[in-house]
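Please consult the sequence and structure shown here while reading.

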Amino acid sequence: MNAFKAFKANVPIAWSPNLYITLVRGIPGTRRLHRRTLEALRLRKCNRTVMRWNTPTVRGMIQQVKRLVVVETEEMFKARKQKVEQHKSLRPPLVVNHLPAPSSGSS
């Protein structure tokens with residue numbers, strides 16, 4: 001959740017043509033109207049992201065369920081995905097040598 005908060009305030013939402021909406025809180029226990037709004041946004045499970053056009057209708061739906069979702073612009077979404085991929089990418093193996101270091105003294 002901290003990664004979402006870091007990206008949340010970077011770019012004004014009104015500037016982006018596309019909005020990436022991620023459901024970060026669970027649906028059980030919410031109002032029926034909020035559940036219907038999430039269904040209209042096609043958000044059915046936690047941590048799922050959908051892309052919607054930035055229209056007044058979609059922004060109104062987001063405003064209604066703002067405590068359940070996180071909204072990102074396209075740039076923020078791509079930066080977050082790139083950071084996750086970089087974190088998951090293969091790293092070179094850690095080589096541990098258990099042999100004692102050769103002594104450099106001559107006898």
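The model contains an open sheet of 3 strands in the order S2-S1-S3, with antiparallel pairing; two strands count as paired if DSSP finds at least two bridges between them. The edge strands are S2 (49-53) and S3, each of which pairs on one side only. Strands (E, at least two residues) and helices (H or I, at least four) are DSSP runs numbered from the N terminus.

This is a predicted model, in which local features need pLDDT of at least 70 and side-chain atom pairs count only at pLDDT 80 or more, while totals for chains, interfaces and linings use all residues. Residues are numbered from 1 along each chain as its sequence is written, and side-chain values use heavy atoms, with hydrogens and water left out.

**Sheet geometry and helix packing**

- Neighbouring strands of the sheet S2-S1-S3 are turned by 30° against each other on average, direction ignored.
- Helix H3 packs on this sheet and touches S1, S2 and S3, its direction making about 25° with that of S1.
- Helix H4 (residues 74-88) lies across S1, S2 and S3 and runs at about 100° to S3.
- Angles run from 0 to 180 degrees between N-to-C directions, with axes fitted as lines to C-alpha atoms, for helices over the stretch in contact.
- Contact means heavy atoms within 4.5 Å.

**Strand S3**

- S1 (residues 18-23) and S3 pair in the antiparallel sense over 5 bridges, and isoleucine 21 has valine 71 as its bridge partner in S3.
- In S3 (residues 69-73), 5 of 5 residues are buried, that is, under 20% relative accessible area with a 1.4 Å probe, protein chains only.
- Val69, Val71 and Thr73 point one way from S3, whereas Val70 and Glu72 point the other way.
- In a regular strand the side chains alternate between the two faces of the sheet.

- Isoleucine 62 touches Leu19, Ile21, Val69 and Val71, leaving aside residues up to four places away in sequence.

**Salt bridge**

- The structure holds 1 salt bridge, defined as a side-chain nitrogen of Lys or Arg within 4 Å of a carboxyl oxygen of Asp or Glu.
- Arginine 80 and glutamate 72 form a salt bridge through their side chains, at 2.9 Å from N to O, and both residues are buried.

Note on methods: Buried < 20%, exposed > 50% of the residue type's maximum accessible area, 1.4 Å probe, protein only.
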